[in-house]
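Have the coordinates open as you read.

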Amino acid sequence: MAYSKGEGFGITQDSGGRFSGLPKLLKQLDTFAADVQHKAMRNAMNAGMRQLKKDAQFFAPEKTGRLRDAIRVKREAFKSGVLRARLYVNYKGKKGAPHAHLVELGTKTRRVAKTYWLQGRRGYVLLEEGTSLGRMKAKPFMAKAFAKNKHGIMREFEQGLKRSLLRAAKKAGR
């Protein structure tokens, strides 16, 4: 079960970093048992994603805090041996934030397509055809977090992998 350079991060944007120490670490990783390899890679991915999640939560606008609370990291292991970690916003459930994409990307000007009556808290309101419902400027919290951390993710991953390998070597008595 070998891990090649480039596997492990499910971020859709390229981190752009090339680090000289990582191939050597991956060769060292191959000398350990499969379960130790899996645990070391999982710990390294957690280290790489930890700061990214914190920054995404920091940059997310806080009106109710629901959007910040819905930011998650998901780790996945495939039968092929590939591990992936990805940062996402939970859309479903009581703690979900189905509006996250609207905040991240913004909206264009929305207009009423057909005249109708809308029932509100204080009675009915007439919305006439062509009336502007406004627009929302983009507030890219995920893109900002990634831009801030794109080089640090690989560095943290590499340091986390080093720590895991040292811990495993110490445990194995190497």
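The backbone nitrogen of Met-142 sits 2.9 Å from a polar atom of the Glu-104 side chain, and the backbone nitrogen of Phe-141 is 3.0 Å from a polar atom of that side chain. For reference, a polar contact here is a pair of N or O atoms within 3.5 Å; within protein, one must be able to donate a hydrogen and the other to accept it, and residues adjacent in sequence count only if both atoms are side-chain atoms. This is a predicted model, where local features need pLDDT of at least 70, side-chain atom pairs count only at pLDDT 80 or more, and totals for chains, interfaces and linings use all residues. Residues are numbered from 1 along each chain as its sequence is written, and side-chain values use heavy atoms, with hydrogens and water left out.

Glu-104 itself belongs to helix H4 (residues 100–105). Helices (H or I, at least four residues) and strands (E, at least two) are DSSP runs, numbered from the N terminus. Setting aside neighbours within four places in sequence, Glu-104 is in contact with Ala-138, Lys-139, Pro-140, Phe-141, Met-142 and Ala-143, contact meaning heavy atoms within 4.5 Å.

A salt bridge needs a side-chain nitrogen of Lys or Arg within 4 Å of a carboxyl oxygen of Asp or Glu.

Elsewhere, charges do pair up: the count comes to four salt bridges.

| Glu-76 | Arg-84 | 2.6 Å |

Salt bridges with shared partners tie Glu-76, Arg-84 and Arg-86 into one network. Glu-76 counts as buried because its relative accessibility is 16%. Arg-84 is partly exposed at 30%, and so is Arg-86 at 27%. As for the other pair in the table, Glu-62 is exposed, with a relative accessible area of 56%, whereas Arg-68 is partly exposed at 22%.

Now for the surface. Tyr-116, Leu-118 and Val-125 make a nonpolar patch of about 260 Å². Patches are built from residues with over 30% relative accessible area and no salt bridge, joining like charges within 9 Å and nonpolar side chains (Val, Leu, Ile, Met, Phe, Trp, Tyr) within 5 Å. Val-125 sits in strand E5 (residues 123–127) and is partly exposed because its relative accessibility is 42%.

Zooming out, the protein has five helices and six strands, running α-α-α-β-β-α-β-β-β-β-α along the sequence. Of its 174 residues, 33% are buried. The protein exposes about 11800 Å², with carbon and sulfur atoms supplying 52% of it; accessible areas come from the Shrake-Rupley method with a 1.4 Å probe, and for residues only the protein chains shown count as cover.

How values were computed: Buried means under 20% relative accessible area, exposed over 50%, partly exposed in between (1.4 Å probe, protein chains only).
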